[in-house]
Amino acid sequence: MNAISASSRALPINASLDATASLLGRLGLSLIFIISGWGKIAGYAGTQQYMEAMGVPGGLLPLVIALELGGGLAILGGAFTRWIALALAAFSLASAALFHADFGDAAQAINFWKNVAMAGGFLMLAAHGAGRFSLEQAWSERRNR
């Protein structure tokens, strides 16, 4: 068996793995933002005070909630994925710098690097798109009928 026939036989498995991994990756990346967005709604006043204590205007909280909750739901469903992934990557890095850059505190350092890792995941998502199991794919198939 030559390399070409071996690689083409593996294609359906790779395509299936790619589609499934993309869906599960979007699920993993989105849930922390969806949960955090709901948490900010539930604890609105406290979150606003925390933002202001860190030097971030509390008036930005509605935008933060919209990005976390709306962006998280869009990533989960695979809608507008590339642009929202870029926005969430930038947001993750800004949050790391503004709220978690206290490297003398081990928990804050871990949160800093967690945010950097999430930004990396979002950049991969921006580069490769939502995948087959997504609203974008469904919209594309519908347009092409």
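In this predicted model, the axes of α3 and α4 come within 10 Å and cross at roughly 135°. That angle makes α3 oblique to α4, and the crossing of these two helices is left-handed.

**Contact of α3 with α4**

- On the α3 side the contact is made by V64, L67, E68, G71, G72, A74 and I75, which meet T81, I84, A85, A87, L88 and F91 of α4.
- Sorted by class, the residues of this contact between α3 and α4 comprise nine nonpolar, three polar and one charged.

**Contact of α4 with α5**

- The axes of α4 and α5 come within 8 Å of each other and cross at roughly 165°, an angle that makes α4 roughly antiparallel to α5.
- As for its handedness, the crossing of α4 and α5 is left-handed.
- From α4, the residues T81, R82, A85, L86, L88, A89, S92, L93, S95, A96, A97 and F99 take part, and they meet Q108, F112, N115, V116, M118, A119, F122, L123, L125, A126, A127 and H128 of α5.
- In terms of class, the contact of α4 with α5 holds 17 nonpolar residues, together with six polar and one charged.

**Contact of α2 with α3**

- The axes of α2 and α3 come within 10 Å and cross at roughly 110°, and the two helices are therefore roughly perpendicular to each other.
- Here α2 passes α3 in a right-handed crossing.
- The residues that make the contact are Y44, T47, Q48 and M51 on α2, with L61, P62, V64 and I65 on α3.
- Six nonpolar and two polar residues make up the contact of α2 with α3, and no charged residue is part of it.

**The largest pocket**

- The largest pocket in the model has a volume of about 500 Å³, and of the 23 residues that line this pocket, the closest to its centre are K40, E68, F91, S95 and F99.
- Two or more lining residues are given by each of α1 (3-42), α2 (44-53), α3 (61-77), α4 (81-99) and α5 (106-128).
- Among these elements, α4 gives the most to the lining of the largest pocket, with six residues.
- By class, the lining of the largest pocket consists of 14 nonpolar, six polar and three charged residues.

- The lining of the second largest pocket divides by class into five nonpolar, six polar and two charged residues.

Notes
Residues are numbered from 1 along each chain as its sequence is written. This is a predicted model: local features need pLDDT of at least 70, side-chain atom pairs count only at pLDDT 80 or more; totals for chains, interfaces and linings use all residues. Side-chain values use heavy atoms; hydrogens and water are left out. On a 1 Å grid over the protein atoms alone, a cavity is a set of points where a 1.4 Å probe fits but cannot get out, and a pocket is an open set with protein on both sides within 12 Å along at least five of seven lines; lining residues have an atom within 4 Å of a point. Grid points are joined across faces, edges and corners, and a volume is the space filled by probe spheres set on the points. Helices (H or I, at least four residues) and strands (E, at least two) are DSSP runs, numbered from the N terminus. Ala, Val, Leu, Ile, Met, Phe, Trp, Tyr, Cys and Pro count as nonpolar, Asp, Glu, Lys and Arg as charged, and the others, Gly among them, as polar. Axes are lines fitted to C-alpha atoms, for helices over the stretch in contact, and angles run from 0 to 180 degrees between N-to-C directions. Angles under 35 degrees count as roughly parallel, over 145 as roughly antiparallel, 65 to 115 as roughly perpendicular and the rest as oblique. A crossing is left-handed if the near helix is turned anticlockwise from the far one by less than a right angle, and right-handed if clockwise. Contact means heavy atoms within 4.5 Å.
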